[in-house]
Amino acid sequence: MASKAQSPAVLHFPEGIRYECQMDASCCRDTWEIRVESEAAERVLAVDWKSCSSLSAREDTPFRRPGRKARHLLFKRVGDACSFLDPESGGCRLHAKYGFEIKPHVCQRFPFRFVEAPDGVYVGFSFGCVSVLNEIGPPVAESREEAVWIYDHEPEHQQVRLPVRLDEKTPLTWEDYLALEGALDEILSRRDRPFAERLVAGHAWLGMLRRMLQVAAVETTPQPVSEVISFFVEKTRADGFERAFELAGKPVAHPVLKRMILGTFLSFRNSLRPRQWRLTTIGRIFVENIRHWARWGSLRMEPLDKRVPYRLFHPSNEALAAAETQVLLERYFRHGIFRKDLILHTDLFWGYCYFLLTYGMIQYYATGLEAIGEGNPALAVSLVEKYFVHHSNFNQTFLYHPAVGDTFQYLFKRPNFAHTIAMG
Ligand code: SF4
């Protein structure tokens, strides 16, 4: 859902996030498709854009359409980069010659993202940005002026879907949602436990709440949802969410199921190509699934150039065990809660399951990078952010795809699902 721009009354900035543009141009190359809104296209065409572009002099437009029916335009690339990127300085030549305001909105906004909620606007940041990822620069609250300018110039804003739901049956008031969000944030902050265990505990905790609400709904005098939530949050918080951590500590993971779930998830992502027949997509997923099941051949993990041989690919939490990686994961997922990733496209429970899949993908990418000699867990976080979360429509395609979404929803309800994804 989106709304027209207007100055926000309240801007919420996250804690623990730092940002200052490093001019390293990584956001103008690789995986990105630079969308150009029609006003920006007109601005660019009105200036001498050829003098800023690496396109050949014969090219008569800096734009391309991603498909015959597509309404939007993208900037053309030269190699893996936007044609306006200066390969030597790493800066934007369009910006250098004509100023910040000529650029399309997506370039102006990165790495900010605004989400409108009933109590104000949440200013989120992308972990695809090297500064945000590596904590370089001042705390983001110091970018307030820049944030307000960008927000004011954004043609449309994302909004949380109201009413927020715990699951398909249970609508929540905003206050109830914030109480649940706060408790999940506390669970993910428990540094006395490995990060994977905290994530699984969050899933177990939501499961406990759903069961309590089901019981409360069939009592002779059903209790209002808000009362049950407030009782549950208070009671579980009082003992440090002990029962949820106890459930998370049980060794019930299933490695083959994990390969099938994460393999299907990855195959689905790898198979989505513009202008591809549905049957081809299904065929690709099927073939890749057989590979995952049999550990046969090698694994494709876009956008990595090299395929990952299965004989070297043994995903486990070891790839994410270093102390600094645990801190990064905590920062990343807690920021995901802050920027409302859990409820932006779906209900809270389903959104949390997508969190687990995101974690599974980070583990896969970290292990895959290690197997091809490019071990770097922070890069794994950044790639997953770009490919599966913040900059991708994949999460929406996945969450709403009738066949895939339903199958995964069914799997997510299995009690060992979270262990299988995060601990197996
Ligand atoms: S227009 Fe400039 S800022 Fe935008 S992607 Fe191209 S080089 Fe980067």
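**Cavities, ligand shell and aromatic contacts**

The structure holds four cavities of 30 Å³ or more, as found in a model that is predicted. The largest cavity has a volume of about 130 Å³, and of the 13 residues that line the largest cavity, Asp 341, His 345, Tyr 354, Val 389 and Asn 395 are the closest to its centre. Two or more residues of this lining are contributed by each of helix 13 (341-344), helix 14 (348-371) and helix 16 (394-400). In composition, the lining of the largest cavity divides into six nonpolar, five polar and two charged residues.

The shell around the ligand consists of Cys 28, Ile 34, Phe 75, Cys 82, Phe 84, Leu 85, Cys 92, Lys 103 and Cys 107. Its residues divide into eight nonpolar, no polar and one charged.

Elsewhere, ring pairs link Phe 127, Phe 195, Tyr 332, Phe 333, Tyr 352, Phe 355 and Tyr 359 into a cluster.

Charged side chains are also placed over aromatic rings. The charged end of Arg 210 sits over the ring of Phe 349, at 4.1 Å from the ring centre, while Lys 340 lies over the face of Phe 338, at 5.5 Å from the centre of that ring. Lys 340 belongs to the loop between helix 12 (323-338) and helix 13, and its relative accessibility is 0%, so that Lys 340 counts as buried.

The backbone of Lys 340 has a positive phi near 70°, in a residue other than glycine. Most residues other than glycine have a negative phi, and most peptide bonds are trans. A positive phi, of about 55°, is likewise found at Glu 135, which is not a glycine. Glu 135 is placed in the loop between helix 4 (130-134) and helix 5 (144-153), and a relative accessible area of 38% makes this residue partly exposed.

The bond that joins Phe 110 and Pro 111 is cis, with omega at about 0°, and Pro 111 lies in the loop between helix 3 (105-109) and strand 8 (112-117). A cis peptide bond also joins Glu 302 and Pro 303, with omega at about 5°, and Pro 303 falls in the loop between strand 13 (298-299) and strand 14 (308-309).

A contact across the chain was examined last. Val 252, in the loop between helix 9 (242-248) and helix 10 (255-271), counts as partly exposed because its relative accessibility is 35%. The C-alpha atoms of Val 252 and Ala 418 are separated by 9.4 Å, although these residues are 166 residues apart along the chain.

Methods
Residues are numbered from 1 along each chain as its sequence is written. This is a predicted model: local features need pLDDT of at least 70, side-chain atom pairs count only at pLDDT 80 or more; totals for chains, interfaces and linings use all residues. Side-chain values use heavy atoms; hydrogens and water are left out. Rings of Phe, Tyr and Trp (its six-membered ring) pair if their centres lie within 6.5 Å; planes under 30 degrees apart count as stacked, over 60 as edge-to-face and the rest as tilted. A charge sits over a ring if NZ of Lys or CZ of Arg is within 6 Å of the ring centre and within 35 degrees of the ring normal. A residue is near a molecule or strand if one of its heavy atoms lies within 4 Å of it. Ala, Val, Leu, Ile, Met, Phe, Trp, Tyr, Cys and Pro count as nonpolar, Asp, Glu, Lys and Arg as charged, and the others, Gly among them, as polar. On a 1 Å grid over the protein atoms alone, a cavity is a set of points where a 1.4 Å probe fits but cannot get out, and a pocket is an open set with protein on both sides within 12 Å along at least five of seven lines; lining residues have an atom within 4 Å of a point. Grid points are joined across faces, edges and corners, and a volume is the space filled by probe spheres set on the points. Helices (H or I, at least four residues) and strands (E, at least two) are DSSP runs, numbered from the N terminus. Buried means under 20% relative accessible area, exposed over 50%, partly exposed in between (1.4 Å probe, protein chains only).
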